[in-house]
Amino acid sequence: MKTLLLAALLGCLVVAFAAPTDRVRWCLKSEQEHVKCKRLAAVAPAITCVPKQSTLDCIVAIKDGLADAITLDGGDIYTAGLNNYDLHPIIAEDYGPSSETCYYAVAVVKKGSGFGIRDLAGKKSCHTGLGKSAGWNIPIGTLLSMGLIQWSGIEDSPVEEAVKNYFQSSCVPGAKPGSKLCQLCKGDCSRSHKEPYYDYSGAFQCLADGVGDVAFVKHLTVPDSEKSKYELLCRDGTRKPIDSYETCHLARVPAHAVVSRKDPQLADLIYTTLTTIRGFSLFSSEDYAPAKDLIFKDSTTQLVKLPPKTDSFLYLGAEYMSIIRSLKREQALSATPSAVKWCAVGPAETEKCDTWSINSIDNDVTTIECQTAPSVEECIKMIMRKEADAIAVDGGQVYTAGKCGLVPVIAEQYDDAQCSAPSATTSSYYAVAVVKKGAGITWDTLKGKKSCHTGVGRTAGWNIPMGLI
């Protein structure tokens, strides 16, 4: 009897989690998006529409296998990537030459209003939504880092309380209805298109209507016809024209991305389905005015498939994740580390690291703790996630690590005498091509020969010789 019950239960789980092999169930969070989706489904039968009440409802539905995909901004990508949901970004929006798969978070004000970023206390603010990148995480994180908003941490009060005390009043869709953060909103203050001042176009409209003094949006929000009436607030206290976003912004933020469950076949199906749609304006909301940015941002020019191992942390990057941590005051919860967590690649390095760790013990305290990973790339991921602190890599891998937001702090020195020199220069080495004596091989006769390399992306074994050839 127990076996039958277990089989029945497993059968239910299979039904719940098995996605249709030829359908993409797109999750919608507003009636306007649902209307657009139904029109899309009429020309692309592989798309089916799953309406929900909110972004979080969609995240849960995708986790539970009741939907397959939704496009989210950075703040929601962070939420979707948490262990509770375990979704990951699979496709990024591309906004063209101005920023490609990134955008700039900016503070927009009316021209001639006469205040800078350090004068925002007591002003009225318009935000795209609570927890969203350009409208909340970046501007509030920036004002906190500049010491303009005073907040002692989550232990005393939520960051929303500090923001309420800083601005005179605000519209922050998704905040608690009836609070000062919803005071300027025109509708129900929900993070949906039921609130007219929601999202980029809504936050800008809040400013344009004279309701707010500043709107926190992305750089492509202000219509071309309106740009002469507005300016950007720069971090140095100055103002610049709307099109000067490259030198006057709060942060450069990863583009909105499609998220789904960790299923490579499903990711391929979603990408293929979206990129083979014909006879439909996927990146336009013109037919659904006044709503904008439905399903995808209207400023999107194309979609870019992300590498299969990309998770929310890797996609958002170390800089954005540090902003998230500042809003949660995560640093305050951890004591100063007493040991360096060294990332060792493979069993041989791990064995050596373990010996190093044992030898570093002083007064029962070790200064080296060993973490292990199968590759340098996995170590880089661990360091980004603060699961490890350091690794020694070659020049080519330094480049890769730099692209992930890591920095070199110590260089190897191969000349003993230089170690005690007051103005020592860093060591270098020669990349060489070695052949057996008498083989008769020259640079001109290398084609067609068999080659041995230290590794793809390594300096002496790949970058230098391949670049030279």
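**View A. Ser-357 lies in helix α10 (residues 346-359).** The model is a predicted one, in which local features need pLDDT of at least 70 and side-chain atom pairs count only at pLDDT 80 or more, while totals for chains, interfaces and linings use all residues. Residues are numbered from 1 along each chain as its sequence is written, and side-chain values use heavy atoms, with hydrogens and water left out. Helices (H or I, at least four residues) and strands (E, at least two) are DSSP runs, numbered from the N terminus. Ser-357 has a relative accessible area of 15% and is therefore buried (under 20% relative accessible area; exposed is over 50% and partly exposed is in between, with a 1.4 Å probe and protein chains only). Apart from neighbours within four places in sequence, Ser-357 is in contact with Thr-366, Ile-368, Glu-369 and Cys-370, where contact means heavy atoms within 4.5 Å.

**View B. Helix α11 (residues 376-384) is largely enclosed by the rest of the structure.** This description applies because 7 of the 9 residues of α11 are buried. They are Val-376, Cys-379, Ile-380, Lys-381, Met-382, Ile-383 and Met-384. The elements covering these buried residues include α9, β14 (340-345), β15 (368-373) and α12 (395-403). Just after α11, Lys-386 has a positive phi of about 65°.

**View C. Helix α5 (residues 133-145) packs against helix α9 (residues 312-328).** The angle is about 70° and the axes are 9 Å apart, which means that α5 is roughly perpendicular to α9. Axes are lines fitted to C-alpha atoms, for helices over the stretch in contact, and angles run from 0 to 180 degrees between N-to-C directions. Angles under 35 degrees count as roughly parallel, over 145 as roughly antiparallel, 65 to 115 as roughly perpendicular and the rest as oblique. On the α5 side, Ser-133, Asn-137, Ile-138, Ile-140, Gly-141 and Leu-144 take part; they meet Tyr-320, Ile-323, Ile-324, Ser-326 and Leu-327 in α9. By class, the residues of this contact between α5 and α9 are 7 nonpolar, 4 polar and no charged. Ala, Val, Leu, Ile, Met, Phe, Trp, Tyr, Cys and Pro count as nonpolar, Asp, Glu, Lys and Arg as charged, and the others, Gly among them, as polar.

**View D. Helix α5 also packs against helix α6 (residues 159-166).** Here the angle is about 75° and the axes are 12 Å apart, so α5 is roughly perpendicular to α6. Trp-136, Ile-140, Leu-143 and Leu-144 of α5 meet Val-159, Glu-160, Val-163 and Tyr-166 of α6. The contact of α5 with α6 has 7 nonpolar residues, no polar residues and 1 charged residue.

**View E. The largest nonpolar core has 96 residues.** A nonpolar core is a set of buried Ala, Val, Leu, Ile, Met, Phe, Trp, Tyr and Cys residues joined through side-chain atoms within 4.5 Å. Val-108, Leu-120 and Ile-140 have the most contacts inside the largest core. Helix α9 gives the most to this core, with 8 residues. A second, separate core of 25 residues includes Cys-37, Leu-40, Ile-91 and Phe-296.

**View F. Lys-29 is placed in the loop between β1 (24-28) and α2 (31-43).** The relative accessibility of Lys-29 is 11%, so this lysine counts as buried. Not counting residues up to four places away in sequence, Lys-29 touches Lys-52, Gln-53, Ser-54, Thr-55, Thr-71, Ser-192 and Tyr-198.

**View G. Tyr-245 is found in the loop between β10 (239-241) and β11 (251-254).** Tyr-245 counts as buried because its relative accessibility is 11%. With residues up to four places away in sequence not counted, Tyr-245 touches Ser-98, Tyr-104, Val-106, His-219 and Leu-232.

**View H. The whole protein is shown for context, with 13 helices and 15 strands.** The C-alpha trace spans about 80 × 65 × 60 Å along its principal axes. Of the 469 residues, 44% count as buried. Among contacts between residues at least 6 apart in sequence, 65% join residues at least 24 apart.
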